[in-house]
Amino acid sequence: MRLFVFGTLAGLLVIASAFSRYLTPYDPYLQDLSNVKAAPSALHLLGTDRYGRDMLSRVIAGSRASVFSTLLLVSVITVVGTAVGILCGWRGDFTDTFFMRISDVFLAFPGLVFALAVAGSFGGGLHNAIIALAVISWPKYARIARSQTLARKETTWMRAVKLSGSGTFKIILKHLLPNIMGPVLVTSMLDIGTMMMELAALSFLGLGAKPPVPEWGSMMSDTRSLMTISPWITFSPGIAIFLSVMIFNLLGDTIRDYADPKSREETNGGTFIKIRSGGYILPGRAGGKAGKLCGRSGRNTWNCRRKWQRKIYTD
């Protein structure tokens, strides 16, 4: 249920961002100098900025740059980091040493500080901000992919695939990659919220999108001086960032829970193992009870689990 709810919310956010130009009630670039810094009203639900532009329209239009730039960034670092990690884990030797030492250099610096230096050297602009964050964010995915590749490279089924005569590229693409993508995809989903905040931070500092392009971070930077006079102008893009990051973080947490290979639910008194049919079983202690199967959900399931738990630990 959680996966469906958060997946639906994330999907609606992406779709709304894709069609943002058709959802804005006003032209996000249209200035009305006779209606500057107007408070929220029926005509302008989020008020207007210092140039009389409708804030709701600008927030909706800014979702396109903020959301799709984040998704592009996460896609790039996932693909590049995974490819480097598989190469290092599969080849080993000098290739592994070379790329892992480079990743150590990137990981030794605080991420956002390094991104500021890279973005500053490239110059401002949203594209340069994406490049700067991609340069310092790929090593995490390379580490994950490398460890997963090393763990599976010498397994029995992998040796059988090699003996079948398949080429290296086919083995990696058809057999290795599907078996290591679970942790990589979970990490990428959890990274969407983080990358969105870091892109907004670079734009806020003037190293991302430039006005008048609507982007949530640059909108907050452009209106921060109006915080005490017209706070709704600054709060509008800030709330949009908060809600978007929360949705993607909750979706990532849910996917991580579903992808957990152990499928265990920790309770205060013991570990219930979730079985394939959807029920729960509390294993008995050595020399004690044999275990108890409870239902899938509902109050009776909870009472069953608590009762059997107390029985095992008190007998």
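The lining of the second largest pocket divides into nine nonpolar, three polar and no charged residues. Here Ala, Val, Leu, Ile, Met, Phe, Trp, Tyr, Cys and Pro count as nonpolar, Asp, Glu, Lys and Arg as charged, and the others, Gly among them, as polar. The model is predicted: local features need pLDDT of at least 70 and side-chain atom pairs count only at pLDDT 80 or more, while totals for chains, interfaces and linings use all residues. Residues are numbered from 1 along each chain as its sequence is written, and side-chain values use heavy atoms, with hydrogens and water left out.

About 210 Å³ of space lies in this pocket. On a 1 Å grid over the protein atoms alone, a pocket is an open set of points with protein on both sides within 12 Å along at least five of seven lines, a cavity is a set of points where a 1.4 Å probe fits but cannot get out, and lining residues have an atom within 4 Å of a point. Grid points are joined across faces, edges and corners, and a volume is the space filled by probe spheres set on the points. The lining of the second largest pocket includes Leu13, Val59, Trp216 and Leu243. Its largest share, four residues, comes from α10. Helices are DSSP runs (H or I, at least four residues), numbered from the N terminus.

Serine 236 also has its place in helix α10. Is this serine buried or exposed? Serine 236 has a relative accessible area of 9%, so it counts as buried (under 20%; exposed is over 50%, and partly exposed lies in between, with a 1.4 Å probe and protein chains only). Its side chain reaches the backbone oxygen of tryptophan 232 at 2.6 Å. Leaving aside neighbours within four places in sequence, serine 236 is in contact (heavy atoms within 4.5 Å) with Leu46, Met55 and Val59.

Definitions and conventions:
Helix = DSSP H or I, 4+ residues; strand = E, 2+ residues; numbered from the N terminus. Polar contact = N/O pair within 3.5 Å; in protein donor to acceptor, adjacent residues only side chain to side chain.
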